[in-house]
Amino acid sequence: MTAEPSSTSLVLAFDVGATSVKAAVLDANLEVLSESRRPSRRGPGIIEVIGEIGDELLDTVQGVERTRVVAAGVVVPGLIDKAAGVSLRAVNLDLVDCPIGEPLARRWGIPVQVGHDVEAAGEAVHRSAGTREDPFVVVLGTGIASVMFVGGAPVRGVSGQAGELGHMVVRPDGTLCRCGARGCLEGIAGAHAIVRAYRDGTGHQVEGARAVVERVATDPVAAAVWQGAINALADALVSVCTLTAPGSIILAGGLSDAGDALVGPLRTAMTERSHVATVPPIRISPLGSRAGMFGAGHLALDLAARLPAESTSPIAELGLRR
């Protein structure tokens with residue numbers, strides 16, 4: 001027997017990226033009650049970072065309120081064993097065969113669902129869009145990945161994790177990616193790649209890709225770097241449209257905050273390149289850089305709904321060893 005999470009239930013949600021960890025306490029309607037953001041860390045030490053943020057967030061719901069926190073969702077990039085709660089390989093985090101769910105469940109005393117960051121973000125974006133069209137959701141950040149929907153359901157592929165758009169090769173003679181290939185999309189259009197290209201072109205370091213976008217109108221190097229990123233993204237998305245003909249393209253993630261500076265030039269570049277497929281509507285998700293965090297919240301609430309109603313020990317019910 002299972003029960004729907006109570007309307008008073010709270011969950012922890014974590015979006016773990018290569019640059020930062022975004023986390024929050026969310027209620028059953030995914031309203032943010034408390035929120036935190038902290039720089040990320042490469043390697044297994046990221047588990048301690050997540051644990052510390054969770055401890056701080058739990059301190060904001062003390063006493064009786066603490067018992068309302070029923071589950072946590074943690075989403076990370078790369079290849080995931082969701083059932084085991086293990087990161088199999090995340091190149092941007094230097095994680096290989098790293099347990100995530102079990103150590104955090106022990107630490108907090110609540111069940112933890114681990115998921116793929118972009119799959120979870122795509123689900124959240126799709127739910128929030130409130131449309132029946134089948135979108136192709138792209139999350140643009142340090143990494144780039146995507147989720148395609150067909151008949152309202154995400155396409156997960158044989159491996160369960162289709163959508164690694166950032167590792168589509170768009171420039172075969174390009175720079176070496178951490179995955180081992182050359183010319184991957186995220187090596188040109190990812191946030192770190194944009195900052196790196198601007199630094200290489202000017203000798204100046206800037207704080208984040210947003211600073212490059214803000215210079216586009218007045219700085220020729222920034223304009224060239226941004227257009228190069230957009231052209232690479234357009235090449236990838238035209239291929240996607242030619243193969244899959246999505247109902248729309250929805251952009252989320254930190255780079256989607258560029259808004260019209262992204263959508264207009266991207267639509268133009270795709271139209272110039274598209275000789276067979278129709279360029280679908282391109283939209284910015286209102287979830288922006290928080291899409292992954294809300295996706296993690298959905299995972300936590302879905303996990304809570306699967307817990308036995310009579311369970312007094314969620315960790316024991318999930319079969320985690322003490």
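This is a predicted model: local features need pLDDT of at least 70, side-chain atom pairs count only at pLDDT 80 or more; totals for chains, interfaces and linings use all residues.
Residues are numbered from 1 along each chain as its sequence is written. Local features need pLDDT of at least 70 and side-chain atom pairs count only at pLDDT 80 or more, while totals for chains, interfaces and linings use all residues; side-chain values use heavy atoms, with hydrogens and water left out.

**Exercise 1. Work out the order of the strands in the open sheet of 5 strands, and find its edges.**

Solution. Two strands pair if DSSP finds at least two bridges between them.
- Step 1: Reading across the sheet gives β3-β2-β1-β4-β8, with mixed pairing.
- Step 2: β3 (32–39) and β8 (112–116) each have a single partner strand, so one side of each is left without a neighbour in the sheet.
- Step 3: From one strand to the next, the twist averages 15 degrees. Such angles run from 0 to 180 degrees between N-to-C directions, with axes as lines fitted to C-alpha atoms, for helices over the stretch in contact.

**Exercise 2. Follow β2 to its partners β1 and β3.**

Solution. As a reminder, strands of a sheet pair through backbone hydrogen bonds, either parallel or antiparallel.
- Step 1: β1 (residues 10–16) and β2 (residues 20–27) run antiparallel and are joined by 7 bridges. Here Leu12 has Val25 in β2 as its bridge partner.
- Step 2: β2 and β3 also run antiparallel, again with 7 bridges. Leu26 has its bridge partner, Val32, in β3.
- Step 3: The hairpin of β2 and β3 has 4 residues between the strands, and Leu30 in the turn has a positive phi of about 65 degrees.

**Exercise 3. Which strands does helix α1 lie across?**

Solution. Contact means heavy atoms within 4.5 Å.
- Step 1: Helix α1 (residues 46–59) lies across β1, β2, β3 and β4 (69–76).
- Step 2: Its direction is at about 150 degrees to β3.

**Exercise 4. Find the aromatic pair and explain why it counts as stacked.**

Solution. Rings of Phe, Tyr and Trp (its six-membered ring) pair if their centres lie within 6.5 Å; planes under 30 degrees apart count as stacked, over 60 as edge-to-face and the rest as tilted.
- Step 1: A search of the whole structure finds 1 aromatic pair.
- Step 2: The ring centres of Phe14 and Trp108 are 5.2 Å apart and the planes are at 10 degrees, so the pair is stacked.
- Step 3: Phe14 lies in strand β1 and Trp108 in helix α2 (residues 101–108), so the pair ties together parts that are 94 residues apart in sequence.
- Step 4: Buried means under 20% relative accessible area, exposed over 50%, and partly exposed in between (1.4 Å probe, protein chains only). Phe14 counts as buried at 0% relative accessibility, and Trp108 counts as buried at 4%.

**Exercise 5. Is Ser159 buried or exposed?**

Solution. 
- Step 1: Ser159 sits in the loop between β11 (153–154) and α4 (186–189).
- Step 2: Ser159 has a relative accessible area of 59%, so this residue is exposed.
- Step 3: The C-alpha atoms of Ser159 and Leu79 are separated by 9.0 Å, although the residues are 80 apart along the chain.
- Step 4: Leu79 stands opposite Arg89 in β6.

Note on methods:
Helices (H or I, at least four residues) and strands (E, at least two) are DSSP runs, numbered from the N terminus.
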